[in-house]
Amino acid sequence: IIVILNDNTMSISKNIGSLKNHLTKLRANPSYFKFKDEVELLLKKIPVIGNSLYKIAEKSKNWLKYLIVPGIMFEELGFKYFGPIDGHNIQEIEAILNSGKTYKDKPVLIHMVTKKGKGYDKAEINPNKFHSISPFVIETGEIKKKSSKISYSNIFGNKMVEIAAKNSKLVAVTAAMPDGTGLTEFAIKFRDRFFDVGITEQHAVTFCAGLAIGGYSPVFAVYSTFLQRAYDQILQDVCMQKLPVVFAIDRAGLVGSDGETHHGVFDISFLRQMPNLTIMSPKDGAELESMLELAVNLNGPAAIRYPRGNESLYDMQSSEIVYGKSELIVDGKDGIIIAEGKMVYTALEVSKKLLMEGYEFGVLNIRFIKPLDVDILKEIGNKYENVYTIEDNIKNGGLGSGILDYLNSINASSKVKIFGYEDEFITHGEVDELLELTGMDTDSILKSILCDFRGATYGN
């Protein structure tokens, strides 16, 4: 096997840690590898005794290796190392690849050094900005369309700074995503309480568990799709120990143009099954702030999931966040729609359009995915024949599944229909396009509900 290590000195944010330091040494001083190869070539050319001399030199190479470049990790792992080489030099790359193919008895690692954003000066100067960027003007590098509304990530980051100013035990942890999760200002203002552990989500969770045992209030800010990597650590190191760790789950739900690997549509399902864990989902920025305050002060593990992008367009007065309680926004007599997070606004739009069709539907902002508000669910089970749930998550094991399980457990007569994503991976695309594609947009949900009331042929 040939392994290509693309070393561009930064991933999304600035690289950190021992591996980064090791690569820096290799980039700074490749002389050992050049010298070793030259010695090997020279000794093997000596008639009769050349190979024997090389074997002796090979056995005693460590003193030279550690003298010039301490800790040659890749060779200790059994790789034949080539590099560092210029990753923008195609001819050199082809030559090294051809050389690598000649090694049949061991794996090869080719260390290529590249410059992130190379070829576009504005990206070279500010690679983080251009890592994931909306359409921009090439001449200036400025984004073509800027929103005046603040993003959920920034709301979270600003609130963390506010809480940290009052709570000296608050600690922020990220896995190589300080900018993406909104923690840049926190890292500047509270340097001693900010930890970037690199792309090591499993370690980040266990590290937070250790901080919690030590009396701190750790908040792990992480994208939903990356939290999946730390399933075991969340379950055993945090939830089993009932430790007060907060998981700030950014990019929950559909994320749009980052592609199918980045959709955060599984977190409700894999977190719901974990004992002792509180799961919250805010409908807007104000609720995110209140939920973060509540989570930091809980004596146990908590997760808050919120979407990518700017907060919802609705300017709505929210009621106080009470642990385990939902918010009834609209009352109705023909049915009720229960929704989480940003899908609350989809539910409200559907409710308005249903009213125009002559049906009065209530809208419940569930707020707490776990524990469920069983008091209001009992009322719903007794009051409504038609119950609909909407979630920015897969159906399997999600919010709707939990509500259906509970209503069944109390023998409620309500018919429950779940709107969520099917048991399949969702493709790349803009969020609005994907909502329509998956039948999760307002019009598709409206049509499905009206079909239930007027017959399957409605709208055909």
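## Basis of the report

Contact here means heavy atoms within 4.5 Å, and helices (H or I, at least four residues) are DSSP runs numbered from the N terminus. The model is predicted, so that local features need pLDDT of at least 70 and side-chain atom pairs count only at pLDDT 80 or more, whereas totals for chains, interfaces and linings use all residues. Residues are numbered from 1 along each chain as its sequence is written, and side-chain values use heavy atoms, with hydrogens and water left out.

## Helices α15 and α19

In α15, the residues T346, E349, V350, K353 and L354 meet T442, D443, I445, L446, I449 and L450 of α19. By class, this contact holds six nonpolar, two polar and three charged residues, where Ala, Val, Leu, Ile, Met, Phe, Trp, Tyr, Cys and Pro count as nonpolar, Asp, Glu, Lys and Arg as charged, and the others, Gly among them, as polar.

The axes of α15 (residues 343-356) and α19 (residues 442-454) come within 9 Å and cross at roughly 50 degrees, the axes being lines fitted to C-alpha atoms over the stretch in contact, with angles from 0 to 180 degrees between N-to-C directions.

## Helices α16 and α17

Helix α16 (residues 374-383) and helix α17 (residues 399-409) have axes that come within 10 Å and cross at roughly 65 degrees, and they are therefore roughly perpendicular to each other. V374, L377, K378 and G381 of α16 make the contact with I403, Y406 and L407 of α17.

Definitions and conventions: Helix = DSSP H or I, 4+ residues; strand = E, 2+ residues; numbered from the N terminus. Parallel < 35°, antiparallel > 145°, perpendicular 65-115°, else oblique.
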